[in-house]
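Work through these exercises with the structure open beside you. Try each task before you read its solution.

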Amino acid sequence: MIGYIEIEGFKSIKKMEMELKSINILIGSNGSGKSNFISFFKLINAIFNKRLQKFVLEEKVDNLLYFGRKTTKNLFGKLIFDSGKGNNNAYYFQLEQTVNGEIYIEREGSGYNVNRESESSNYFIDYNLLESNIFKYSSFRNNYLRKHLKNLQIFHFHDTSSTSLLRRECDLNDNLYLKQDGRNLPAFLYILKIKHPKVFNRIEKTIQSVAPYIDKFILEPNRLNEKEIELRWIDYGDPESNFSAYQLSDGTLRFIALATLLMQPEPPAVIIIDEPELGLHPFAIGKLAGMIQSASGKSQIIAATQSPGLISNFSPEDIIVIDKSEEQKQTVFNRLNSESLNIWLQEFTLGDLWERNIINSAQPFTK
């Protein structure tokens with residue numbers, strides 16, 4: 001999992017350093033910078049997949065750099081992964097501008113058993129690259145690092161429109177892992193049903209607990225095209241029914257995808273989700289919290305939320321408050337702690353404290 005993260009000069013983040021834990025729930029007002037923090041992992045993903053130049057072209061340089069090109073000349077990022085048994089792997093990069101205002105990788109470092117303060121000791125470093133060189137070398141440290149970086153996936157199941165890929169049929173054999181937008185959800189559920197029936201049954205029962213009208217799922221290859229499969233279901237009150245995913249509500253469809261993601265037998269090492277509570281009933285949000293807590297035994301969870309109901313299910317140490325500092329002119333990050341909130345939590349939940357603005361930049365007002 002990611003033990004430590006450092007970001008400098010990225011969007012609204014002038015400079016931040018933070019330890020991450022198994023559960024990291026990000027809260028903050030609109031415009032505070034939650035989405036910018038999540039977006040940093042999109043940048044990492046683009047660098048890892050040798051798509052930095054395409055990413056910069058799409059995002060625009062001025063939008064990536066803190067207060068734009070005139071204010072910020074370079075962008076720095078560092079991740080230190082806890083590999084267990086006291087060992088770590090590390091990756092950092094520094095992006096610089098060219099005279100034409102374009103972006104390149106001025107430095108890229110891959111490290112093993114590093115300390116946070118150094119960018120040289122125990123690092124291999126490459127200079128002046130258009131795209132990452134992580135794939136170029138097959139050293140043990142780079143092999144481990146590639147595994148860590150490959151696992152940084154941002155999941156978003158927001159699009160549940162009539163044209164959404166989440167509702168459509170998909171290739172039956174597209175089942176190696178659940179895609180980030182859920183486009184292969186039927187195929188992935190089908191392979192779980194065949195290979196991991198107990199896990200599939202738990203997922204199905206969890207979904208039925210928030211959508212009791214679903215009697216069971218119908219997951220079989222299309223009889224007219226056996227290379228395709230779609231998500232279909234039987235209504236609890238009509239055993240002869242046969243409905244498609246187009247008849248599911250937006251919230252139910254999102255919950256199905258979230259349950260599949262969080263309850264699968266071999267989840268990604270790091271699961272990053274932006275506003276997973278979107279469109280969910282309060283009861284379903286409670287179930288979502290339970291799934292996150294359970295999944296954190298195998299995966300590191302990073303989730304940005306606007307839901308007081310969701311954060312009420314977690315301990316203060318799981319919560320990171322994100323705020324805009326007018327004094328520092330940047331996004332600031334603070335993790336809550338139980339000791340400072342102890343008196344308040346005797347009467348209120350964390351969600352209550354957030355709604356009442358008692359939690360302010362992670363420092364509670366004096367009671």
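The exercises below go from the whole chain to single residues, and the model they use is a predicted one.

**Exercise 1. Decide what the radius of gyration says about the overall form of the protein.**

Step 1. Start with the length: the protein has 367 residues.
Step 2. A compact globule with 367 residues would have a radius of gyration near 21 Å.
Step 3. Compare. The protein has 22 Å, which agrees with a compact globule.
Step 4. Along the principal axes, the C-alpha atoms fill roughly 65 × 55 × 40 Å.
Step 5. Of the 367 residues, 52% count as buried.
Step 6. Look at the contacts between residues at least 6 apart in sequence. Of these, 59% join residues at least 24 apart.

**Exercise 2. State how many helices and strands the protein has, then describe the span that UniProt lists as a domain.**

Step 1. Count the elements: there are 11 helices and 19 strands.
Step 2. Turn to the record. An unreviewed UniProt entry lists residues 23–312 as "domain: ATPase AAA-type core".
Step 3. Describe residues 23–312. The span is 33% helix and 27% strand.
Step 4. Check its ends. Their C-alpha atoms lie 14 Å apart.

**Exercise 3. Describe how helices H6 and H7 pack.**

Step 1. Know what to report. A pair of packed helices is described by the angle between the axes and the distance between them.
Step 2. Locate the pair. H6 covers residues 197–210, and H7 covers residues 250–263.
Step 3. The angle is about 145°, and the axes are 10 Å apart. The crossing of H6 and H7 is right-handed.
Step 4. List the contact residues. H6 gives Val199, Arg202, Ile203, Thr206, Ile207 and Val210. H7 gives Phe255, Ile256, Ala259, Thr260 and Met263.
Step 5. Sort them. The contact of H6 with H7 has 8 nonpolar, 2 polar and 1 charged residues.

**Exercise 4. Find which residues of helix H5 are buried, and what they pack against.**

Step 1. Find H5 at residues 185–195.
Step 2. Name its buried residues: Leu185, Pro186, Ala187, Phe188, Leu189, Tyr190 and Leu192.
Step 3. Name the partners. The buried residues of H5 pack against strand E9 (170–171), H6, strand E11 (228–229) and H7.

**Exercise 5. Is Phe200 buried or exposed? Find its contacts too.**

Step 1. Apply the cut-off. Buried means under 20% relative accessible area. Phe200 has 6% relative accessibility, so Phe200 counts as buried.
Step 2. List contacts, leaving aside neighbours within four places in sequence. Phe200 is in contact with Leu189, Leu192, Lys193, Phe217 and Leu219.
Step 3. Look along the chain. Phe200 and Thr260 are 60 residues apart, yet their C-alpha atoms are separated by 8.5 Å.

Technical notes
Residues are numbered from 1 along each chain as its sequence is written. This is a predicted model: local features need pLDDT of at least 70, side-chain atom pairs count only at pLDDT 80 or more; totals for chains, interfaces and linings use all residues. Side-chain values use heavy atoms; hydrogens and water are left out. Axes are lines fitted to C-alpha atoms, for helices over the stretch in contact, and angles run from 0 to 180 degrees between N-to-C directions. Helices (H or I, at least four residues) and strands (E, at least two) are DSSP runs, numbered from the N terminus. A crossing is left-handed if the near helix is turned anticlockwise from the far one by less than a right angle, and right-handed if clockwise. Contact means heavy atoms within 4.5 Å. Ala, Val, Leu, Ile, Met, Phe, Trp, Tyr, Cys and Pro count as nonpolar, Asp, Glu, Lys and Arg as charged, and the others, Gly among them, as polar. UniProt positions are given in the numbering used here, feature names are shortened, and annotations may be inferred rather than shown by experiment. The radius of gyration is taken over C-alpha atoms; the globule rule is 2.2 Å times the number of residues to the power 0.38. Buried means under 20% relative accessible area, exposed over 50%, partly exposed in between (1.4 Å probe, protein chains only).
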